[in-house]
Amino acid sequence: MPQAWMVVGALPFLWGIFPKREIAIMGIPEWPGFTQGFDVSLLDLLIVVLFLSAPRTKQVSLLFKFSFFIYIGAVFISGFQAANPTATWYYVWQLLRIFMTFAVVARACADPRLTTALLKGLAFGLCFEAAIVGWQRFVTHYIQAPGTFEQQNMLGLAVHFAIFPFFALLLAGERKWPPVAVPILGIMIDIFTASRAALGLAGAGFALLFLLSAIRKWTSTKARVLMATVLVLAVLSPVAFRQFDLRMDVFGAAEDGGRAELNNAAAAILSDHPMGVGANNFVVFANVQGYYERAGVSEKNRITFPHNIYWTTLAETGYIGFVALMIFLGRPLFFALRCGWRNRQDQRGDALLGLAASLLVVYVHSYFEWIFLKDQIQYLFAINIGLIAGVATQMKPLGYAQKAS
C-alpha cells in the first residue's frame, strides 16, 4: 500500500511520459479549452483502486468538502449561460475527478505512514523531472525546458507544490534526503525553465516561509539552513543570470504577448455578462462575439485564455463563480496557516506551513497564468490539500476536524 501512494505522489510529475495517460469517454479533441472531454486518467483509475482497497476501520472527516461543492456548483450553474453547455460539463467532470483524488488522499493521510509515502512520491517525481530538465537543457539544448509538461510555465507552477513542504521540514530539523534535495532541485528546474514568475515567486516563497518559521520558533537548525541558503544562492545566481541571458539572446526582449489585451477582453465580457458565459467557453465566445478583436488581442493569442485564472473565472462563471473560487482556494490556505501556527511543538505544524506556502505562491502565480485550470495541476492541488486535511486529522481529535469542515 505505501508503494502505491508513492506512485500517486510521483504520477503528476511523470504525466508526460505516458502517451495515453487519459481516455476520453466522449469529447471534442479540438475544443480550445482547458479540458476537451469526459476524460478518465491513469491517476483516476489508481485512486479508485486505492479507495476500494482501503480499510474502513477509521472514519475521517473530509475538510474542505463544502468549498469543493460550492465551486463545482457555481461551475455547473454557469453551463446554463454557455453557448456550449457540454464544454462546461467537461470541466464539472474534471472537478469531480479532482475531488475524488482529494477525498482519497485525505483519508489515506490520516495514517502517518501513507503521508510519508505520498511525500516521498512527490520527492521522487520532482527528482525525475529534474533529470528530464537537465537532459533537455544540456543534451537537446532547450533554452526553456518544459520537462514532461506541456510548456515551461506549467512546470514552474507545478514545482511550487513540492518544494515548500520539504523546505518546511528542513527548517524543522528533518534529516532525511528529500528536505535537502527537493528545494535545491526545484530551484534548478525553475532556473532552466527561464520562467521569471516561477523563479521569482519561488524565492519569495522561501523567504516568507523562513520568516514565518523563524517567528514561530527559532532554532540553531534554522540558523544553519539560512547560512546554507546564502551559499546555495551564491552558487546558483551566476547560473540563473546566464540562463536568462540566453533566453534574451534567443528570444529577444520579453514582450507582453497580449496579456493586458486578454484581460481587457475578459473585463468587457464580464461587464456585458455578469453571470458569465460558461466555464470552458471563454476562447470560443471571445472570438465569435468579437471581444478579442475589439480588445486588440493579437492573432497568435486568440487561441488562449487570459493569463489569469481570476479574470478567466469572472468572465466564464460571473461574480458568483468568482466568490466560489475564492472560497475554494482560500479555505485550505487559511486552515493550514492557522493549524500550523498553533502547533509550534509539532513537526507536522511545520509541514502545514509549508503546504500553505505552496498554496499561496500558486495563487499569486495564477494571477499571471491560467494553467491552474488544467487537470495535471489540479491533481497536485488535490494532493496538497489532501495532505493538509490528513495531517490535521492526525494532529487533532476527529471532532475538531469535523468542526473545521
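Colleague: Is S78 buried or exposed?
Modeller: This is a predicted model, and S78 sits in helix α3. Buried means under 20% relative accessible area. S78 has a relative accessible area of 1%, so S78 is buried.

Colleague: Which backbone nitrogen lies 3.1 Å from a polar atom of the side chain of S78?
Modeller: The side chain of S78 also reaches a backbone oxygen, that of V75, at 2.6 Å. Leaving out residues up to four places away in sequence, S78 touches T88, G278, A279, E316 and T317. The backbone nitrogen at 3.1 Å belongs to one of these, A279.

Colleague: How confident is the predictor, and which helix has the lowest confidence?
Modeller: The average pLDDT of the protein is 90, and 94% of the residues score at least 70. Helix α3 has the highest mean, 96. Over residues 398-405 the pLDDT is below 50, although this stretch has 21 contacts in the model beyond near neighbours in sequence. The lowest confidence, a mean of 43, is in helix α16.

Colleague: Which element gives the most to the lining of the largest cavity?
Modeller: The largest cavity holds about 60 Å³ of space. Its lining includes V75, A279, E316 and T317, and by class it has six nonpolar, three polar and one charged residues. At least two lining residues come from each of α3 and α13. With four residues, the most comes from α13.

Colleague: What supplies the largest share of the lining of the second largest cavity?
Modeller: About 30 Å³ of space lies there, and the search of the whole structure finds two cavities of 30 Å³ or more. F161, P165, L380 and L387 are among the lining residues, which divide into seven nonpolar, one polar and no charged. The largest share, four residues, comes from α15.

Colleague: And the second largest pocket: which element gives the largest share of its lining?
Modeller: This pocket has about 590 Å³ of space. Of its 23 lining residues, I187, F206, T229, V232 and L233 lie nearest the centre, and two or more residues come from each of α6, α7, α8 and α9. The largest share, eleven residues, is from α9.

Colleague: How many charged residues are in that lining?
Modeller: By class, the lining of the second largest pocket has 20 nonpolar and three polar residues. The number of charged residues there is given as no charged residues, that is, none.

Definitions and conventions
Residues are numbered from 1 along each chain as its sequence is written. This is a predicted model: local features need pLDDT of at least 70, side-chain atom pairs count only at pLDDT 80 or more; totals for chains, interfaces and linings use all residues. Side-chain values use heavy atoms; hydrogens and water are left out. On a 1 Å grid over the protein atoms alone, a cavity is a set of points where a 1.4 Å probe fits but cannot get out, and a pocket is an open set with protein on both sides within 12 Å along at least five of seven lines; lining residues have an atom within 4 Å of a point. Grid points are joined across faces, edges and corners, and a volume is the space filled by probe spheres set on the points. Ala, Val, Leu, Ile, Met, Phe, Trp, Tyr, Cys and Pro count as nonpolar, Asp, Glu, Lys and Arg as charged, and the others, Gly among them, as polar. pLDDT is the predictor's confidence in each residue, from 0 to 100. Contact means heavy atoms within 4.5 Å. Buried means under 20% relative accessible area, exposed over 50%, partly exposed in between (1.4 Å probe, protein chains only). A polar contact is a pair of N or O atoms within 3.5 Å; within protein, one must be able to donate a hydrogen and the other to accept it, and residues adjacent in sequence count only if both atoms are side-chain atoms.
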